[in-house]
Amino acid sequence: MKNYIKYLPFLAIGLLSCEPEFDDAIEENEVYTAGEADFSNYVSLGNSLTAGFADNALYIKGQQNSYPNILAGQFKLLGGGEFTQPLMADNLGGLLLNGVQIANNRLVLSTVSGSPAPAIIAGTPQTEITNKLSGPFNNMGVPGAKSFHLAAPGYGAAAGLPSQSNPYFVRFSTSETTTVLADAVAQNPSFFSLWIGNNDILGYATSGGTGVDQAGNLDPSTYGSTDITDPNVFGGVYNQLINELNANASGGVVYNIPNVTDIPFFTTVPNNALVLDAASAGSLTGFFQAVAGIFTQGLIQQGVPPAQAQALAAQYAIAFNEGPNRFVIDVPVTQTNPLGFRQMQEGELILLTINRAALAQGYGSVALSPAVLQVLGILQQGGTPTQEQAQLVLGAVNGIDDKDALDSSELSAISNARLSYNSTIQSLAEANGLAFVDADALLNRVGQGISFPGGIITSDFVTGGGFSLDGVHLTPRGYALIANETLEAINQTYGSNLPKVNVGEFGTISLSDNVN
């Protein structure tokens, strides 16, 4: 049997990072107005997207290309003040806790393995999180933060690591008991941005739905790191964030939550990447017919009427065709699916982190061994295998684990929560007269391709230019796109005429063979 998995090509030509040149995007002698907004003290709140996280790490170059820092560069045209960020100690991105590395360095595109692929850049990181930075800081983006974390006392306490605190906020919190929100409000921002809520569903999604949908549970202190936040918890804390940030500000801008199905972490490995030739398709079909037959006989031996047994077992007689086929996944064992597997359905997703070498060896279909082949030979000759031999065949079904895929029920849980969050965000933006960025629609358009002078930006992994090598976070060019959408929303809401930046002047991914 031959399983052929198609991988997307990693075309690296022309994808080297470059530094932004803000001044080039501004027309000379043009007069700008702030309208009703006061940009003199801009403060941004959020998670990794706000911090400038990219390539699975936070590092100086990424922070310098964060969308708040890009915005602040434009705000300076209209009286904006200094925009300080809690910069990391290097461009490696790893974290140390008392000298022990607790977070990996960033990813780069490397050819060391023989073909271009993401790999961790080599080097010893210098960012020791117990070395407290002196603020205040305008960029209050905290990688990993969920909505309720921004208002949680002690989230920046070193004593609370690793489960109760956040190592990034430990670096720049003003006290052991403060909150991200309190430290932001203490700066009396004249203008703010708030992009939070992605992690309230993203952790669940990137774990393959291994967490719990906490809908109905109003106590976030009981949540696990990969759980979905109850929409009422989100709504309550989001309202608090807006009220306190907007109390003395001239205004602000908020962002909704994009659809996870639009990011390359979930779109790069299609669920029909099981590509078979005619002979392999026939062999695989024959195997699952054998599974259905064995299961039918087992039910009959247990006293189940033959017609009923055949009807229940029929679902396991999966037919495969020459060409692309959907993988098989494991699902919870139920009365209607006693063996706990089925073929994937349209729209269900495979995670970027799945072991692709294992897929090529039968993960997602069948793990054949000489013993299993021997039993199949007995069946082909009309023989009857022993119970032990029959169990070998059933055990050879090698469905994709829950942690490597999102099935339809998990996608529904994510969608329901996201839509509820987004309804809250938009209604509070309207109620408070805030600028609103439809990040969901924007990233959907990136999936179709957005043109800019000199090129096009898409969500294709590695080659599209919009997403970094972790498949979740944006590249500098992607963050510039967010910044431009933000500037447009601000101009429409507050009557300003801030100029946009040229996204083509921002880099994408980095190449290096200096990897571990």
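Contact here means that heavy atoms lie within 4.5 Å, and in that sense Leu 87 is in contact with Gln 63, Leu 133 and Arg 171, once its neighbours within four places in sequence are left aside. The structure is a predicted model, in which local features need pLDDT of at least 70 and side-chain atom pairs count only at pLDDT 80 or more, while totals for chains, interfaces and linings use all residues. Residues are numbered from 1 along each chain as its sequence is written, and side-chain values use heavy atoms, with hydrogens and water left out. Helices (H or I, at least four residues) and strands (E, at least two) are DSSP runs numbered from the N terminus. Buried stands for under 20% relative accessible area, exposed for over 50%, and partly exposed for what lies in between, with a 1.4 Å probe and protein chains only.

**Individual residues and their surroundings**

- Leu 87 is placed in the loop between H3 and E2, and with a relative accessibility of 36% Leu 87 counts as partly exposed.
- Leu 87 and Leu 133, which are 46 residues apart in sequence, have a C-alpha to C-alpha distance of 9.0 Å.
- Leu 95 belongs to strand E2 and counts as buried at 1% relative accessibility.
- Beyond four places in sequence, Leu 95 touches a set of residues that includes Met 88, Val 100, Ile 102, Pro 125, Ile 129 and Tyr 168, and its C-alpha atom is separated by 7.9 Å from that of Asn 105, ten residues apart along the chain.
- Ser 147 is found in the loop between strand E6 (139-141) and helix H4 (167-172), where Ser 147 counts as buried at 0% relative accessibility.
- Not counting residues up to four places away in sequence, Ser 147 touches Ile 196, Asp 200, Thr 229, Phe 234, Val 237 and Leu 241.

**Aromatic rings**

- A search of the whole structure finds 22 aromatic pairs, where rings of Phe, Tyr and Trp (its six-membered ring) pair if their centres lie within 6.5 Å, and planes under 30 degrees apart count as stacked, over 60 as edge-to-face and the rest as tilted.
- Tyr 42 and Phe 83 form a stacked pair, because their ring centres are 5.2 Å apart and their planes stand at 20 degrees.
- Tyr 42 lies in strand E1 (residues 42-46) and Phe 83 in the loop between helix H3 (67-75) and strand E2 (95-97), so this pair ties together parts that are 41 residues apart in sequence.

**Helix H12**

- In helix H12 (residues 370-380), the buried residues are Val 372, Val 375, Leu 376 and Gly 377, and these buried residues pack against H9 and H13.
- Just after H12, Gly 382 takes a positive phi of about 85 degrees.

**Pocket and cavities**

- On a 1 Å grid over the protein atoms alone, a cavity is a set of points where a 1.4 Å probe fits but cannot get out, whereas a pocket is an open set with protein on both sides within 12 Å along at least five of seven lines; lining residues have an atom within 4 Å of a point.
- The second largest pocket has a volume of about 470 Å³, a volume being the space filled by probe spheres set on the grid points, which are joined across faces, edges and corners.
- This second largest pocket is lined by 18 residues, of which Ile 294, Gln 297, Gly 298, Gln 301 and Ala 390 lie nearest its centre.
- Helix H9 (278-301) and helix H13 (387-395) each supply at least two residues of that pocket's lining, and the largest share, nine residues, comes from H9.
- Five cavities of 30 Å³ or more are present in the structure, and the largest cavity holds about 190 Å³ of space.
- Among the 18 residues that line the largest cavity, Leu 49, Asn 198, Leu 202, Pro 258 and Val 472 lie nearest its centre.
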